[in-house]
Amino acid sequence: MKFRKLTLAVMVSSAFVLTGCLDDTYDYGNGSGGGGGIDNKLSWGVHLYKSDKPDHYKETPYAIEVEDRTGHSVVFDGNVIDLENVSIVSDDFPNFAPMSVKISEEQAKLTFVADKGYDLGITYNGNGSEEHLKRGVLRFMLKPEAPVGVNTDTSTTTLLTMSDGSNIASVDISSSVAALKGSEAQLVTVPLHCFEDAGIDLANVETAMSLDIDGAINYEISDVFMTANALPTAWAVQDIQACTNSSQVETADRSVLRSMLKGQSAEGWATRLISNNGALGYGQPGGWDDSLPQFAEIIATGDNYKPANKTFFPHIVSLEEIPTVDLAQYIETGALEFLLFMSGAGSVPGHDNYEIQFKFDATTPEGSDGGIESASVGIDMSDETKGATVWKISIPMRDLFAKTNNDGVDIGVRLNAVQNINKLTSWVASLNPDDGHNFEGFRYGLADVAIVKEPTQSELKTIYTPPAQ
C-alpha cells in the first residue's frame, strides 16, 4: 500500500503498560459503529490482531503488511514471509498467535493499513460522555530481544506511527523496547490523543498502526487493538505511554551518577547530595589513597535524624537543565555499581540483621495523577565489620525496576519509572520489623556511583582491592 507524500510529526516519548480496561457499555443500536451502521465508522474496540472480538464490534478493515528496507511490502496472511532484511511468521495466524518478526539490519515496518480512511471517533471518545472523551488507546503485547551475535551496543529506534492519508505522526517508543528486551511479553499502551494532538484526523485513519524500526532486533507482537475509555487520570501509574518525553536518555557504556577525586569537583549527572534524615560527611577508609574515588557519607545522627525516614543520596545536578533521566538502555544486562564503606567512627547498629537499601525514585510525567514506584534492593551487612574494608556492589538494573504481582512474582518492567528517574535513594533498615529502625550514630559512605551496560562482577557484593599505585 503506497501513500502520497505525507507530513511527519514525531513525538519523542517513553512507553507504558495498561493493566486493565473498562468494558464497552455503549449501545450501538443500528448505526454509528456497531455491526451495521455507517460504513466507515468503527467500533468502541477495534481488534487489529486479537482474539475474542465481541459480536457487536466490526471486523477490522486493516490488513497486515510487512515492509523491508527497500520499501517493498507484502501482505501477511499467516504464510512465512522472508524479505531482504525482515521476516515474519506466526505459529497459528487464524487464532492470533504472536507474530514473530526478525529484522537483520536497517529499516523495516509492520503496518496495519486499509484501502481508505476509517472513523475512530467512537474508539476515541466512547459514547461521547465526559468520562469517555479522549480516553481511547492503542495497545499491544510486545516481547523484544536482541538478535544472537549482534553487538548489544547497537541502538534501535522504534516509532509507533499513525496516518490519515495526508499526515503521519509518530510516538518514539525506543526506550520501552530497550527496557523490555529479555523480559516476557508486556502490554504497551499509547493514548490515541497523542496522534490527534499531532494533527491526525481520527475520522479518516488509513494506517491504524505502523511499528517502524531502524536497527537489528527480533520481537513477538500480539493482541493488537484499540479501545475506548481506557485512559484513567492516573495513567502513568498503570505504565501507559506519555506523548512526549523530556528525560535525558543515557546511552554510554558507563554512565556516572557521582564520582569525585580529592580536591576536585564531583562529576556525573547526580552530583548534588541531599539528606532529609541525618547528616552528610566525607570520611574515608584508613589508608585510602587520594588518587582513589572519595566517599560521601550518610550519617544517622543529629536533630534531623528520624528513624522512620529515608536518606536520599545523590540527586540530579540541576532540575532546570535535566528534569529526569531515562535509564532504559541498561535494563537488559546492566547494573548499578559503586564502592561501599561503613565507617569505624560510626556506631554499631543495635540490630542482629540489617541491610542498606538502594532504590531509584521517579517523577510522575506531566498530566498524570498518582506516584510512580520502583523496586528497592537491600545489601545485607549484618555480618560485616565496620572499618577499613571497602565493598564493591553490583545491583542488576532489572532488579531495581521489576514489576511484581500481589504474590511477589515478577511480571515485567516498570517502564514509567525507568524512563523518569530523578534521584537515587539509600537508607538502612532492620530485617526484623519488630526491632524498629533506630540506627542512631551509624554511618556509611558511597563512592564512584555509576550504571554500566556490562557488570564488572557477577556477585552482588565483593571485597574491593584498590589497584596497585
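Visitor: How much space lies in the second largest cavity?
Guide: About 110 Å³. This is a predicted model, where local features need pLDDT of at least 70, side-chain atom pairs count only at pLDDT 80 or more, and totals for chains, interfaces and linings use all residues. Residues are numbered from 1 along each chain as its sequence is written, and side-chain values use heavy atoms, with hydrogens and water left out.

Visitor: What counts as a cavity?
Guide: On a 1 Å grid over the protein atoms alone, a set of points where a 1.4 Å probe fits but cannot get out; lining residues have an atom within 4 Å of a point. The volume is the space filled by probe spheres set on the points, which are joined across faces, edges and corners.

Visitor: Which residues lie nearest the centre of the second largest cavity?
Guide: N277, A300, Y305, T311 and V428, out of 14 lining residues. By class, 10 of the lining are nonpolar, 4 polar and none charged. Here Ala, Val, Leu, Ile, Met, Phe, Trp, Tyr, Cys and Pro count as nonpolar, Asp, Glu, Lys and Arg as charged, and the others, Gly among them, as polar.

Visitor: And the largest pocket, how much space is in that?
Guide: About 500 Å³. W235, A242, P365, E366 and G367 are the closest to its centre among 26 lining residues. A pocket is an open set with protein on both sides within 12 Å along at least five of seven lines.

Visitor: Why does the largest pocket lie between the two domains?
Guide: Because domain 1 (45-231) and domain 2 (254-463) both give residues to its lining. The domain bounds come from an automatic or database assignment.
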